[in-house]
Amino acid sequence: MAKTAELIIDGKSYKLPIVEGTENEVALDISNLLEETGTITLDLGYKNTGATKSAITFLDGDKGILRHRGYSIEDLAAKSSFLEVAYLLIFGELPMKDQLDKFSNDIKLHTMVHEDIKKILDGFPSSSHPMGVLASMFCAQTAFYPESLDPNRSAEGVYLSIVRSLAKMPTFAAWAYKNAMGHPVNYPDNSLNYTSRFLKMLYALPAEQYEVDPIVADALDKLLILHADHEQNCSTSTVRIVGSSKASIYSSISAGINALWGPLHGGANQEVILMLEAIRKDGGDTEKWINKAKDKNSGFRLMGFGHRVYKNFDPRAKIIKKTADDVLNKLGVNDPVLEIALKLEEVALRDPYFIERKLYPNVDFYSGIIYRALGIPVDMFTVMFAMGRLPGWIAQWKELRENKEPIGRPRQIYTGQNLRPYIPIEKR
Ligand code: SDX
């Protein structure tokens, strides 16, 4: 017998079906609530609202658990590769060797972008933030691949769009950086693997025999894995709602890039480093800045701290913190802001304000320190997040389409004026 919940409104009783997931999460199914009761729910920021059923990623915020298709993020970060995790997220299973080889080779065939995209790139001044350039170039693929606009595209056609998205994102990302530097772009070197190919496009200078540092490539591959998907976060929900109108994969993901850009979401990794630098320049007084973060009137938040779901340590933050130590030691980098970050974490985690609100370091708190050690400029941090999150966006967009979910269209509670007569301007 399916479980139900009872809702009583104005003395009338209604039964609401209860939905349970494979990890025993429980939801009230309110699909027919408005029709049956004439009322809707209200949940600003969807803090208590499930938007979908998904088999891709499982989070347990209280226990600090993150799994992709049942595999723990700890296992994937330690043992897998970014392309293998991308395959797992998108197609549901870890690939056999021939499947991964084919996937990787299919991607290699599409790393080039149409030369006309450079005309779009050239239209952006060097002062443009790379995230805006990235979102625009990514969406421009709708112009070069108009067949992607077909809402009923074949599975083969969707696979081609998926491969093109993964193949061209690193090229777009590197080109956005070169545009910001006022440097000529580099073309993809397909003799390299996914992450090294990106690094060479990003850093190589004209006529330079650029050699990718394997330490840097390995660290970046791990960072991309750690950002690959995260359930129904702001940018993924954006990709889903745009995709629910049967918009193309390119326009849906471009919308996700823009949502990720915000400082409360993916833009936080850039803000963390700017915050740590400000604290360093201010003399490194962590207590002073912790008190600022606690003062509602200061308008300052401890960037990289807090999370809508994790009320325990973000498991990714733990892995990234250790990776930061490893990478800085291997590269012989001594970054003073790492000490400040460690001190901030130590002070915050014993402060009642943070303890009561269950505010812990999130994925963005340490990632910027690694990106900086890898030589990646601050403006590119959120672009790195977008590169990592791409397979998650693709997987969620594909799942929504395969499940034939309806177009997203939330309701509202109206709080404006009641009916009133129109007054001609001469009589106002
Ligand atoms: C990402 O959703 C995801 O999965 C996102 C992500 C992913 O992989 O996709 O994990 C990536 O976006 C990580 C989050 C990056 N953002 C930041 O680091 C920005 C700083 N953090 C916050 O602004 C905040 O914690 C959020 C946005 C992350 C979560 O905000 P919520 O869940 O809406 O919580 P809230 O803003 O209502 O805060 C609850 C309380 C408030 O205090 P009270 O009003 O109860 O007194 O906690 C306080 C807030 O003022 N608070 C903070 C704080 N974060 C929350 N106070 C100081 N510093 C902070 N960082």
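How are helices α3 and α4 oriented to each other? The points below take up this pair, then another helix pair, a sheet and the ligand site.

1. Helices α3 and α4 are roughly perpendicular to each other, a label given to angles of 65 to 115 degrees, whereas angles under 35 count as roughly parallel, over 145 as roughly antiparallel and the rest as oblique. The axes of α3 (residues 82-91) and α4 (residues 97-108) come within 10 Å and cross at roughly 100 degrees, the axes being lines fitted to C-alpha atoms over the stretch in contact and the angles running from 0 to 180 degrees between N-to-C directions. Helices here are DSSP runs (H or I, at least four residues) and strands likewise (E, at least two), numbered from the N terminus.

2. This is a predicted model, in which local features need pLDDT of at least 70 and side-chain atom pairs count only at pLDDT 80 or more, while totals for chains, interfaces and linings use all residues. Residues are numbered from 1 along each chain as its sequence is written, and side-chain values use heavy atoms, with hydrogens and water left out.

3. On the α3 side, Leu83, Glu84, Ala86, Tyr87 and Phe91 meet Gln99, Leu100, Phe103, Ser104 and Ile107 of α4, contact meaning heavy atoms within 4.5 Å. By class, this contact holds seven nonpolar, two polar and one charged residues; Ala, Val, Leu, Ile, Met, Phe, Trp, Tyr, Cys and Pro count as nonpolar, Asp, Glu, Lys and Arg as charged, and the others, Gly among them, as polar.

4. Helix α17 (residues 363-373) and helix α18 (residues 381-402) have axes that come within 10 Å and cross at roughly 110 degrees, which makes α17 roughly perpendicular to α18. Val363, Asp364, Gly368, Tyr371 and Arg372 of α17 make the contact with Phe381, Met384 and Phe385 of α18, and these residues divide into five nonpolar, one polar and two charged.

5. An open sheet is formed by three strands in the order β4-β5-β6, with antiparallel pairing, where two strands pair if DSSP finds at least two bridges between them. Because β4 (57-60) and β6 (71-72) stand at the edges with a single partner strand each, one side of each is left without a neighbour in the sheet. Four bridges join β4 to β5 (residues 65-68), and the bridge partner of Thr57 is His68 in β5.

6. The ligand is surrounded by 24 residues, of which the closest are His230, Arg301, His307, Arg308 and Arg316, a residue being near if one of its heavy atoms lies within 4 Å. A backbone N or O atom of Leu264 lies 2.8 Å from a nitrogen atom of the ligand, and an N or O atom in the side chain of His265 is 2.9 Å from a ligand oxygen atom.

How values were computed:
A polar contact is a pair of N or O atoms within 3.5 Å; within protein, one must be able to donate a hydrogen and the other to accept it, and residues adjacent in sequence count only if both atoms are side-chain atoms.
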